[in-house]
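This report describes a predicted protein model.

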Amino acid sequence: MGCFSLENLTASLTMSGAKIASILASSPLMIIVYIVVIAPLIAGIFYYRRKPGERAKLIVLAVVLVGVVGLIFALNYVTVNRSLNYGAWVNGSKIYVRYYDNDIFVVNVCKANISLLTKEQAKSLLSIRTNGISDPTVDVNMGHFKLKNGLKGDVLIIGKSTKYVVAIRAKNEEALVGLPGAKNFYANLMTLRNTLCNIKEGG
């Protein structure tokens with residue numbers, strides 16, 4: 001959920017990496033992947049155990065398939081750091097967005113173009129995923145995307161319950177942050193921006 005304090009001039013909308021990793025690991029798509037990988041191992045055990053002298057082949061099969069499963073978990077671990085929080089937050093006069101691995105988009109809050117989109121509007125902007133994760137079964141899009149408007153997209157849109165996405169644009173780059181509580185975060189962020197930027201303009 002978003003939080004806001006005029007006293008501290010801060011706002012945040014984040015989700016823990018551990019929760020994101022759990023969502024991805026338990027998604028229907030990943031369950032299918034696990035089944036596809038594990039099924040040959042089970043079939044191999046039943047097939048080779050009835051054939052004398054085929055134990056070596058079974059061991060090779062097991063090593064390969066276990067290696068594939070390990071690679072899947074390793075990729076999941078690399079792309080989502082469980083010890084970090086992902087999303088958007090304000091520190092001082094800057095907005096930070098961690099959207100993939102430890103990649104962070106940073107922009108001055110007074111210089112950013114900030115808008116609120118529905119999730120459908122935000123997803124319609126996505127053109128090509130250049131490096132990241134897309135899992136439609138749990139409605140997750142995160143990572144580096146090319147947007148249809150030609151901008152570089154830094155995307156973190158997670159969860160079927162998410163209805164709104166905060167778009168933060170600076171020059172040729174745009175961050176799209178969609179997490180539960182995005183609408184409240186946007187309202188808090190605009191209040192903070194008005195307060196902070198008016199203070200700066202007033203000297």
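## The disulfide

Cysteine 110 has a relative accessibility of 25% and therefore counts as partly exposed. Cysteine 197, in contrast, is buried, at a relative accessible area of 8%. The cut-off that separates the two classes is 20% relative accessible area, since buried means under that value.

These two cysteines form a disulfide, with 2.1 Å between their sulfur atoms. A search of the whole structure turns up one disulfide. The link between cysteine 110 and cysteine 197 is left-handed, with -105° about the S-S bond. Cysteine 110 sits in the loop between β5 (103-108) and β6, while cysteine 197 belongs to helix α5 (residues 182-201), so the pair ties together parts that lie 87 residues apart in sequence.

## Overall composition

The protein has five helices and 11 strands. Of its 203 residues, 40% are buried. The accessible surface of the protein amounts to about 10,900 Å², and carbon and sulfur atoms account for 59% of it.

Contacts between residues at least 6 apart in sequence can be split by separation: 52% of them join residues at least 24 apart.

Strands of a sheet pair through backbone hydrogen bonds, either parallel or antiparallel. In this model, six strands make an open sheet with mixed pairing, in the order β6-β10-β11-β9-β8-β7.

The pairing of β7 with strand β8 (residues 140-147) is antiparallel and runs over eight bridges. Isoleucine 133 has methionine 142 in β8 as its bridge partner, and serine 134 has asparagine 141, also in β8. Helix α1 (residues 17-25) packs on the sheet and touches β7, β8 and β9 (152-158). The direction of helix α1 makes about 95° with that of β8.

Aspartate 139 is buried, with a relative accessible area of 10%.

Side chains of opposite charge can pair when their charged atoms come close. The salt bridge between aspartate 139 and lysine 119 has an N to O distance of 2.7 Å. Lysine 119 lies in helix α4 (residues 119-124) and aspartate 139 in the loop between β7 and β8, so this pair ties together parts 20 residues apart in sequence. Both aspartate 139 and lysine 119 are buried. In the salt bridge of lysine 123 with aspartate 139, the closest N and O atoms are 2.8 Å apart. Because lysine 123 is in helix α4 and aspartate 139 in the loop between β7 and β8, this pair ties together parts 16 residues apart in sequence. Lysine 123 is partly exposed, with a relative accessible area of 33%.

## Another salt bridge

The whole structure contains four salt bridges according to the search. One of them joins glutamate 174 and arginine 169, with 3.6 Å between the closest N and O atoms. Glutamate 174 counts as buried at 5% relative accessibility, whereas arginine 169 is partly exposed, with a relative accessible area of 34%.

## Positive phi in two further loops

Aspartate 101 lies in the loop between β4 (94-100) and β5. Its phi is near 50°, a positive value in a residue other than glycine. Aspartate 101 is partly exposed, at a relative accessible area of 30%.

Is lysine 171 buried or exposed? At 81% relative accessibility, lysine 171 counts as exposed, because exposed means over 50%. Lysine 171 is placed in the loop between β10 (164-170) and β11 (173-178). The phi of lysine 171 is near 55°, again a positive value in a residue other than glycine.

Methods:
Residues numbered from 1 in each chain as written. Predicted model: local features only at pLDDT ≥ 70, side-chain atom pairs only at ≥ 80, totals over all residues. Heavy atoms only, no water. Helix = DSSP H or I, 4+ residues; strand = E, 2+ residues; numbered from the N terminus. Buried < 20%, exposed > 50% of the residue type's maximum accessible area, 1.4 Å probe, protein only. Contact = heavy atoms within 4.5 Å. Areas by Shrake-Rupley, 256 points an atom, 1.4 Å probe, with all protein chains shown as cover. Pairing = 2+ DSSP bridges. Axes fitted to C-alpha atoms, helices over the stretch in contact; angles between N-to-C directions. Disulfide = S-S within 2.5 Å. Salt bridge = Lys/Arg side-chain N within 4 Å of Asp/Glu carboxyl O.
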